[in-house]
Amino acid sequence: MKRLLLCGVLAVLAGCGGHPKDVLTPVADTAPQSHRVDMLIATTRSQSTVPGEMFTGERARAPNFADITVSVPPDSARKVGEVSWPKKLPPNPATDFATLKADMIDLDAAKAWLSATVKKTPDGSALVFIHGFNTKFEDSVYRFAQIVRDSGVHSAPILVTWPSRGSLLAYGYDRESTNYTRNALENLFQYLAKDPEVKEVSILAHSMGNWLTLEALRQMAIRNGSLPTKFKNVMLAAPDVDVDVFRSQIVDMGDPHPQFTLFVSRDDKALAVSRRVWGDVARLGSIDPETEPYKQELADNKITVIDLTKVKAGDSLNHGKFAESPEIVRLIGARISDGQTLTDSRVGLGDTILAATTGTAAAAGNAAGLILAAPVAIVDADTRDNFSSQVEALGPKGVTRSKALPQCRTSDSVNCRK
């Protein structure tokens, strides 16, 4: 019976998803009242041959660039902090996020885009967003469009997207992909520092993207002797970074360093799993800023902390609060404007089960946890979407592993959700 259950799950997974995929095929601009977000893409992802996908989760040999325009529905058609994914394709720009333009461009065109866009800003500013773990390309594009729109920021928006496979089981691959992208991000920072038209730079990073951001800044500071003064704000949302490593990174950046704003949440379940994976050392994004030694260290380094522990989240892992809370996303905009997720957080019940099965599930991949979560995929669209390729990989050879389901019954799916 268990063998039949898993085979049934595999069949369901093969053809189902949380929402339509490959949404980056441009559509006509049929809703003049919608808002437009034009962004520059800098990525180390490989190009995709699938229409509407643009970039995969695999690594490219050299950076790629794109010019994308996203239509965001009128404020009356959605909630602040929400990405209104289309229920079917093509999307309706009046009610859905929709892609109006998705052009691959070369380096010279990317420089021209930046020059023209920065000149249109009131203060010559740029906002660089680096997404986090478990993020597909289209998710990073639409989430950044939501952040730009909801924050009210008027800076030139630059999305740096690194090769994430968009799966909880790819934690190790994603982590190495941030290291793979480190030089490319530093090169972007160096260009922004030298471009006289760019007067101010703000950086917003989420989750594992904080590791990439901090390493690129550290590398730049060591190479140049210091960080440029035009790098005003660095906002670290739910950083998946070892606190001890962060201490050394701050030292290496020297003084003065940018104004760091840290968004923490002590109930962040994703970071709790990461802590177990990385030797039970506290993750920066889940510390209690009112306890020592953190309180004094944060004060000494003049790091502003915003504690989101009591803020309600739209995802079960409490990992994307910075982008989903209307108050917080507006605060981000105000901070950028005054001083010049993170992630889509489409987490299914199965994701939560997998995270809870073992401390090493995220780092190494855990077949037992995945099979335990698989029955939930029948009724939970987000779990189907997030786990599809991994469950398929277990295939016939992995069916014998269904012994990990001693308490699951086909007639009682509730038992499989605990």
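In β2, N64 is the bridge partner of T43. The model is predicted: local features need pLDDT of at least 70, side-chain atom pairs count only at pLDDT 80 or more, and totals for chains, interfaces and linings use all residues. Residues are numbered from 1 along each chain as its sequence is written, and side-chain values use heavy atoms, with hydrogens and water left out.

**View 1. Strands β1, β2 and β3 pair in the antiparallel sense**. β1 and β2 are joined by 11 bridges. Seven bridges link β2 to β3. Here F65 has I105 of β3 as its bridge partner. Strands count as paired if DSSP finds at least two bridges between them. Of the 18 residues of β2, 13 are buried, so the strand is largely enclosed by the rest of the structure. Buried means under 20% relative accessible area, exposed over 50%, and partly exposed in between (1.4 Å probe, protein chains only).

**View 2. Nine strands form an open sheet with mixed pairing**. The order is β3-β2-β1-β5-β4-β6-β7-β8-β9. The edge strands, β3 (98-105) and β9 (304-307), each pair on one side only. From one strand to the next, the twist averages 20°. Helices (H or I, at least four residues) and strands (E, at least two) are DSSP runs, numbered from the N terminus. The protein chain has 14 helices and nine strands. Buried residues make up 57% of its 418 residues.

**View 3. Strands β6 and β7 run parallel**. Six bridges join β6 (residues 200-206) to β7 (residues 231-237). H206 has A237 of β7 as its bridge partner. Helix α3 (residues 137-151) packs on the sheet. It touches β1 (35-47), β2 (55-72), β3, β4 (125-130), β5 (156-161) and β6. The direction of α3 makes about 150° with that of β1. Helix α5 (residues 209-224) lies across β4, β6, β7 and β8 (259-264). It runs at about 150° to β7. Axes are lines fitted to C-alpha atoms, for helices over the stretch in contact; angles run from 0 to 180 degrees between N-to-C directions. Contact means heavy atoms within 4.5 Å.

View 4. In α6 (residues 243-253), the buried residues are V243, F246, Q249, I250 and M253. The buried residues of α6 pack against α5, β7, β8 and α8 (294-300). At the start of α6, a side-chain oxygen of D242 comes to within 2.7 Å of the backbone nitrogen of D244. G254 follows α6 and has a positive phi, near 80°.

**View 5. T181 is a buried residue of helix α4**. The helix spans residues 171-194. T181 has a relative accessible area of 2%. Its side chain makes a polar contact with the side chain of T44 (2.8 Å). A polar contact is a pair of N or O atoms within 3.5 Å; within protein, one must be able to donate a hydrogen and the other to accept it, and residues adjacent in sequence count only if both atoms are side-chain atoms. Leaving aside neighbours within four places in sequence, T181 is in contact with T44, W162, P163 and L212.
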